[in-house]
Amino acid sequence: MSNVFKNLLMQILLTLTGFHDPFNPEQADGNKTAGPVLTVLAHSDFGAVYLLSTPKTTERSIATAEAIAQRDQDIDIYEETLMLKDPTNHLGILRQLRQTFIKIQATHPDAQYTISLSSGTPHMHACWLLLTASGEIPAKLIQPQRPEHTP
């Protein structure tokens with residue numbers, strides 16, 4: 001595949017939403033800063049974002065989707081709920097991520113995928129790593145940092 005064609009493929013961000021999305025909790029000075037998902041989207045050019053939540057973070061996904069839509073009307077926003085009873089159960093997480101990605105890839109077979117490891121439990125991060133390292137999910141992994149932590 002030529003580099004020109006690769007650059008034309010839709011860029012899709014896959015990310016869990018967490019308790020710091022869409023905004024980090026207010027700081028002592030009363031200011032809110034962009035949470036992990038908004039930070040990634042502010043520094044990259046994605047055509048679509050899939051916000052993956054658990055039953056406990058569904059409201060965060062909805063609020064994050066609204067914040068994204070206010071900032072960028074050109075990005076397609078999708079919300080998926082992973083039906084996890086325990087966000088530390090590796091096998092359950094693997095199954096849910098695998099099933100969800102199969103569904104996403106069927107809708108976007110020629111896309112390039114990026115996975116943000118900024119939200120979710122360490123167990124979820126490990127599952128993303130296993131799925132990408134095994135080749136099941138052809139994606140680039142990123143670990144964004146909060147702006148105040150970058151040099």
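The model is a predicted one.

**Overall arrangement**

Read from the N terminus, the elements follow the order α-β-α-β-α-β-α-β-α-β. The chain has 151 residues, of which 40% count as buried. Among contacts in the chain with a separation of 6 or more, 71% involve residues 24 or more positions apart.

**The nonpolar interior**

In soluble globular proteins, nonpolar side chains tend to be buried together. In this model, the largest nonpolar core comprises 22 residues. Ile12, Leu14, Leu52, Leu97, Tyr113 and Trp128 are the residues with the most contacts inside this core. Two or more residues each are given to the core by strand 1, strand 2 (48-53), helix 4 (90-107), strand 4 (112-116) and helix 5 (122-133). Helix 4 provides the largest share, with five residues.

Which residues does Trp128 contact, if its neighbours within four places in sequence are left aside? The partners of Trp128 are Leu14, Leu16, Leu52, Leu97, Ile115, Leu117, Ile137 and Leu141. Apart from the core described above lies another one, of 12 residues, which includes Val37, Leu41, Val49 and Ala67.

**Two salt bridges**

The structure contains two salt bridges, which are set out below.

| Side chains in the salt bridge | N to O distance |
|---|---|
| Glu80 and Lys103 | 2.9 Å |
| Arg98 and Glu136 | 2.6 Å |

In the pair formed by Glu80 and Lys103, Glu80 belongs to strand 3 and Lys103 to helix 4, so the pair ties together parts that are 23 residues apart in sequence. Strand 3 covers residues 76-81. Is Glu80 buried or exposed? Glu80 counts as buried because its relative accessibility is 16%, and the limit for a buried residue is under 20%. Lys103, at 47% relative accessibility, counts as partly exposed. Leaving aside neighbours within four places in sequence, Glu80 is in contact with Tyr50, Leu51, Leu52, Ser53, Thr100 and Lys103.

The other pair consists of Arg98 and Glu136. Arg98 lies in helix 4, whereas Glu136 lies in the loop between helix 5 and strand 5 (139-142), so this pair ties together parts that are 38 residues apart in sequence. Arg98 is partly exposed, with a relative accessible area of 32%. Glu136 is also partly exposed, with a relative accessible area of 38%.

**A buried asparagine in a loop**

Asn24 is located in the loop between strand 1 (11-16) and helix 2 (36-42). Why does Asn24 count as buried? Asn24 has a relative accessibility of 4% and therefore counts as buried, the limit being under 20%. The side chain of Asn24 reaches the backbone oxygen of Ala34 at a distance of 3.0 Å.

Key: Residues are numbered from 1 along each chain as its sequence is written. This is a predicted model: local features need pLDDT of at least 70, side-chain atom pairs count only at pLDDT 80 or more; totals for chains, interfaces and linings use all residues. Side-chain values use heavy atoms; hydrogens and water are left out. Helices (H or I, at least four residues) and strands (E, at least two) are DSSP runs, numbered from the N terminus. Buried means under 20% relative accessible area, exposed over 50%, partly exposed in between (1.4 Å probe, protein chains only). Contact means heavy atoms within 4.5 Å. A polar contact is a pair of N or O atoms within 3.5 Å; within protein, one must be able to donate a hydrogen and the other to accept it, and residues adjacent in sequence count only if both atoms are side-chain atoms. A nonpolar core is a set of buried Ala, Val, Leu, Ile, Met, Phe, Trp, Tyr and Cys residues joined through side-chain atoms within 4.5 Å. A salt bridge is a side-chain nitrogen of Lys or Arg within 4 Å of a carboxyl oxygen of Asp or Glu.
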